[in-house]
Amino acid sequence: MPPMAPPVNVLNQPLQPCSTDPLTGYFRDGACNTCAQDSGSHTVCAVMTAEFLAYSAYVGNDLSTPRREFRFAGLKPGDSWCLCAIRFLQAHDEGCAPKVSLRATHLRTLDVVPLEVLRQHAV
C-alpha cells in the first residue's frame with residue numbers, strides 16, 4: 001500500500017472521517033486520505049445532491065448507478081463521498097457543485113481548489 005499524505009484538512013486541523021456508509025476514500029478507509037498514486041486527488045468530502053449527481057453522469061462519471069462488481073451501491077442525495085478535486089472545481093464552474101465538509105476535506109485539495117471556493121459550498 002502506498003504511503004498516505006499526512007491526514008490534515010483544509011483548515012490545517014486533523015482530517016475528520018467523510019463516510020463509512022457508503023465507504024469512501026481512495027484507500028476505502030472512510031476518509032479523504034490521499035497519496036502520490038492518487039492521480040484523481042479524491043480529497044473533497046462532498047455531500048451529494050441530485051443536481052450534482054445528474055451533472056456527474058452527464059460528464060461521464062455516473063455515481064448513482066450501482067456497480068456490483070466493485071461492491072458499489074450507487075450514491076444518492078445526502079450521501080457523503082470523497083470526490084476528485086478537479087471534478088468538484090469543474091462542477092463549481094458550471095454552477096452545480098455539491099456541499100463540502102471542510103473538516104473532512106484533505107489539505108491537498110488546495111493544490112486544485114482555492115479555499116474560498118470550498119468555503120462557498122461548506123456545510
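Two disulfides turn up in a search of the whole structure, a disulfide being a pair of cysteine sulfur atoms within 2.5 Å. This is a predicted model: local features need pLDDT of at least 70, side-chain atom pairs count only at pLDDT 80 or more, and totals for chains, interfaces and linings use all residues. Residues are numbered from 1 along each chain as its sequence is written, and side-chain values use heavy atoms, with hydrogens and water left out.

Start with cysteine 18 and cysteine 45. Their sulfur atoms sit 2.2 Å apart. The S-S torsion is about 90 degrees, so this disulfide is right-handed. Cysteine 18 lies in the segment before β1 (42-47) and cysteine 45 in strand β1, so the pair ties together parts 27 residues apart in sequence. Strands are DSSP runs (E, at least two residues), and helices are too (H or I, at least four), numbered from the N terminus. Cysteine 18 is buried at 13% relative accessible area; buried means under 20%, exposed over 50%, partly exposed in between (1.4 Å probe, protein chains only). Cysteine 45 is buried at 2%.

Now the other bond. Cysteine 32 joins cysteine 82, S to S 2.2 Å. Here the torsion is about -95 degrees, so the disulfide is left-handed. Cysteine 32 lies in the segment before β1 and cysteine 82 in strand β2, so this pair ties together parts 50 residues apart in sequence. Both cysteine 32 and cysteine 82 are buried. In sequence order, the bonded cysteines pair 1-3, 2-4.

Cysteine 35 is in no disulfide; the nearest cysteine sulfur, that of cysteine 84, is 13 Å away. Cysteine 35 is buried, at 3% relative accessibility. Cysteine 96 is in no disulfide either, with the nearest cysteine sulfur, that of cysteine 84, 15 Å away.
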